[in-house]
Amino acid sequence: MKNNIDIVIEKIKKEKRIGIMTHLVTGYPTLKFSEKIVKVLAESRADVIEIQIPFSDPMADGSVIVGACQESLENGTRVKDSFKLAKFTNDNLRVPVVLMTYANIVIHMGIKKFCVACKESGVSGIIVPDLPYDSEECKKLRRYSTRANIHLIYVISPAIEESGLKEIKKLATGFLYCTSRQGTTGTGKKFSQDVLSYLTRIKKNSIIPLAVGFGISSPKDVELIKKHSEIVVVGSAIIHIIRKNKNPKVLSAVGKFMSGLQKVN
Amino acid sequence: MKSKIKNGYFDKYGGAYVPEMLVHALREIESEFEKAKKDKKFQTEFQELLRSFSGRPTPLIYAKNLTKHFGGAKLYLKNEGANHTGAHKITHCIGQALIAKRLGKKELIAETGAGQHGVATATVAAKFGLKCKIFMGEVDIARQRPNVFWMEQLGAKVISVSSGSKTLKDAVNEALKYWMANSDESYYVIGSVLGPHPYPLMNRTFQSVIGQEIKKQIKQKEHKLPDFVIACVGGGSNAIGAFHEFIKNKKVRLIGVEAGGTGKKLGQNASRKENGSLGIFQGYKSLFLQTEEGHIAPTHSVAAGLDYPGMGPELAELYKNKKMELSSALDREAIEAFKLTTKHEGIIPALESAHALAHAYKVLPKLAHNKIVVVNISGRGDKDLFNVARSLNDKEFKKFLAEEIKRYEK
């Protein structure tokens, strides 16, 4: 059976547009609301939804997502809640899910058990940003995710060394998640033109689709990289909207933001 | 047997579990460190700074009064508190600053809990003419103002961290994040034998001077090796520093003493022996205090330097392979040991080091007269002035503080 991410990417290519992967933290602001938010994202034609399992110390995230994780955990969100949300998104909304979390959550649960739970929840991709591709744990994760027909998505940055890039390109399936710059998630720094030469470098001798994230918050940002990648990742910008507009306005604000981005296509 | 390191692992502990964007920065440090180790000029410069700037070797003191007091084994105290800036931390700061200089970095960044590593980093930054940023939890800033003041006087910018528990582990998170965005210009001076490879190996290499000195000094005085070497373990830099020289000698018992805090439950202490399990956090795989879902758990200790959920990977390896024992001391036992050492030996230990002393005072009376126990006093207690005065409920000190405020307002 074909992975849902591959199906979506084929569709995006056929329609000659850029795909949108949106991100949310399970249980932020509440579990109930997370469900409503994924519905809005699906209605706004998000191509992939990245669901983050909150971790106490999210090392690759900026203050917006750190705050969301903290609040979610304070509300008592459990790991299993993310699997439930993934299943709901995949089964009811028919949008492919990428589950993102940190290494400690995965190895604490057990790599095999984690992959089994992903499969049962209809997860199509896994991102673990603090698990290097050449670590024993990553090898094991790759083995079990491949067996479950789930893509292990690697996150790479402009500072990537040639040797590492070569290896990762060999291993990558689904797409490569390229951070637009060094640093953490969030909209703190201005999105820069430099990103284009970096994406060209990654694209060279490779057919693996790219998703570009970190600091993307406006249609203008999407426009800039439209021709250089298959997918754009919008994360902190949406959480920022959720934080600013407490319910009930938040859902319409997220919808409005999404349709703004879709105009680029 | 010496602990072997392979690809950044000590047995199964260690590694470099970081986002890809830090891989290049870590490789750069690793290769520069390997070059520096073989470079005579680097070695000479490092040794000279330890001698003339930090004041090494630090003394190994025969604690005659306490030996008599307990009536058992002979007690020696390795006084790392005699170092410049008051603790062993300055040693790996000097070493790392030299590496940073070789790499052409313009800025040193560091995390700090109690402020000791922050002060040491700010000190070497001032000495080497580098910019300096120190990340410190909001809670720690509130309770360690004197060290914040000194860091600022030394020219460092102290950045308040308000995420998570607002203490040491959160300061490490923020420092790592800043470094991810700024590794071109900045060098991250990690303050213990933890974090991603090569930090645990590099800091241990610098700190192992402690054990080398102990060996030489005890041989001069006693013509034999000690039977016990005891040190407190937070991240573990002073412990591995004191232990490393003796690992290959099985007759020397190495005991690490963790923070027992106020009790045995998760959250009441910082004892990985009691509550720790295998995890991946802040770039390394080791024993961590964590919840049943794999979140990093809150910790407690009266000593800020021990109030941290993880243990350096090499120490986890030593513990697992039974080359080192672990024990713990409660907050109140550490305070008692602090008082005893101060009164009987004229040495004011840091509360962290007082944990090692507390354990020594439990074992000393049970040992024969011909046994030798060395305790590493990782730092001096000046920094704990406010903390200890409050713990002892010292009325005169309280009065002084109230009057000091009045003097400000005049």
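This is a predicted model: local features need pLDDT of at least 70, side-chain atom pairs count only at pLDDT 80 or more; totals for chains, interfaces and linings use all residues.

Select A:Pro29 to begin: this residue sits in the loop between strand S1 (19–25) and helix H2 (31–43) of chain A. Helices here are DSSP runs of H or I with at least four residues, strands are runs of E with at least two, and both are numbered from the N terminus.

Residues are numbered from 1 along each chain as its sequence is written, with chains lettered from A and ligands numbered from 1 in the order in which they are written.

Hop over to B:His197 and B:Pro198, where a cis peptide bond has omega of about 15 degrees. B:Pro198 is in the loop between strand S9 (186–188) and helix H9 (199–207) of chain B.

Next, pick A:Arg94, in the loop between helix H4 (79–93) and strand S3 (97–100) of chain A. Its phi is positive, near 60 degrees, and it isn't a glycine.

Last stop: show both chains. How many residues does each chain bring to the contact? Chain A gives 32 residues and chain B gives 26, with two residues in contact if their C-beta atoms, placed from the backbone, lie within 7 Å. On the side of chain A that touches chain B, H5(A) gives the most, with six residues.
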